[in-house]
Amino acid sequence: MSSEVQEPPAPTPAPATRTDVLKASPPMFRTPVVDKVTRVHPIVPVLVFVPAIVVVAVLADRRVGTGELALLAFCGWAFWGLVEYWTHRIVFHIEPEKGFGARLHWMVHGVHHDHPNDPLRLVMPPAVSVPGSAAFVLGFVALFGIGSGLSVGVGFLVGYLVYDMTHHALHHHTPRTAFGRRLREKHMRHHFQDDTRGFGISAPWWDRVFRTAPDRPRRDAPR
């Protein structure tokens, strides 16, 4: 059986409602077993990354003091925000018009914009997130040494997990706080109004820094 990448689906008659379109889940691969890997329950990142964070934190704490661990973990969390912002802005939103590049973009991010409420494609598959995050942690260790590198890695992994959970929540839960409502509004504007703005999801302040924050409608604007 071939696991060849599935072409982006050709236009078909619209489903009965817009809700059906937003939550649709088209296949990425022709082989069902391979395609199943692209769908992830939102509890999976918690089950994978919480133990990993605990292990890395314990290993780091044995080599540096608690205060240094906390400070370096904060730096790792802040760095994750930059990675999140620039990955979303540059990597996810490069949109080739045809060929393999177009198919790859659709698989990486285009499918999410076409069907943003697909409940099983809102968090990153572990086949991508685990080796990717491990590469960053190993890079921190290579740059800063074992103790400091693992400490930075703790914050980076926490940042990634918060991002995944925040992204899922913005699509499937009603925020109860003003900050949560602002985050959701900002992300929905990215999806449905202007996808050239609003790239920070769990770290929205980077949109302010890099001048890509979505414009909020003026209260006196004509409707």
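**Pocket, aromatic pairs and salt bridges in a predicted model**

Good morning. The largest pocket in this structure has a volume of about 850 Å³. A pocket here is found on a 1 Å grid over the protein atoms alone, as an open set of points where a 1.4 Å probe fits, with protein on both sides within 12 Å along at least five of seven lines. Its volume is the space filled by probe spheres set on the points, which are joined across faces, edges and corners.

Before I continue, the basis of the work: this is a predicted model, in which local features need pLDDT of at least 70 and side-chain atom pairs count only at pLDDT 80 or more, while totals for chains, interfaces and linings use all residues. Residues are numbered from 1 along each chain as its sequence is written, and side-chain values use heavy atoms, with hydrogens and water left out.

Which residues lie nearest the centre of the largest pocket? They are F92, V108, M124, P125 and V128, out of a lining of 35 residues, where a lining residue has an atom within 4 Å of a point. The elements that give two or more residues to this lining are α4 (66-91), α5 (99-114), α6 (126-144) and α7 (146-172). Helices in this talk are DSSP runs (H or I, at least four residues), numbered from the N terminus. By residue class, the lining divides into 22 nonpolar, 10 polar and three charged residues. Nonpolar covers Ala, Val, Leu, Ile, Met, Phe, Trp, Tyr, Cys and Pro; charged covers Asp, Glu, Lys and Arg; the others, Gly among them, are polar.

I turn to the aromatic side chains. A search of the whole structure finds 18 aromatic pairs. Rings of Phe, Tyr and Trp (its six-membered ring) pair if their centres lie within 6.5 Å; planes under 30 degrees apart count as stacked, over 60 as edge-to-face and the rest as tilted. One of the pairs is F49 with Y160, which is tilted, at 4.9 Å centre to centre and 50 degrees between the planes. F49 lies in helix α3 (residues 43-61) and Y160 in helix α7, so this pair ties together parts that are 111 residues apart in sequence.

Are these two residues, F49 and Y160, buried or exposed? F49 is buried at 4% relative accessible area, and Y160 is buried at 6%. Buried means under 20% relative accessible area, exposed over 50%, and partly exposed in between (1.4 Å probe, protein chains only).

In a second pair, the ring centres of F79 and F156 are 6.1 Å apart and the planes stand at 35 degrees, so this pair is tilted. F79 belongs to helix α4 and F156 to helix α7, so the pair ties together parts that are 77 residues apart in sequence. F79 is partly exposed, with 34% relative accessible area, whereas F156 is buried at 1%.

Next, the charged side chains. Side chains of opposite charge can pair when their charged atoms come close. How many salt bridges are there? The count comes to four, a salt bridge being a side-chain nitrogen of Lys or Arg within 4 Å of a carboxyl oxygen of Asp or Glu.

D35 pairs with R39, the closest N and O atoms being 2.3 Å apart. D35 is buried at 6% relative accessible area, while R39 is partly exposed at 25%.

D207 forms a salt bridge with K186, with 2.6 Å between the closest N and O atoms. This pair links distant parts of the chain, D207 in helix α9 (residues 205-209) and K186 in helix α8, 21 residues apart. D207 is buried, with a relative accessible area of 0%, and K186 is buried at 5%.

Within helix α8 (residues 178-192), E185 and R182 lie three residues apart, about one turn of the helix. Their side chains meet in a salt bridge at 3.6 Å, N to O. R182, E185 and R189 are linked in a network of salt bridges.

Helix α8 also holds H190, which is buried at 1% relative accessible area. Leaving aside neighbours within four places in sequence, H190 is in contact (heavy atoms within 4.5 Å) with H88, H93, H109, H113, D195, R197, G198 and F199.

Finally, R211 is found in the segment after α9. R211 has a positive phi of about 60 degrees although it is not a glycine, and R211 is exposed, with a relative accessible area of 72%. Thank you.
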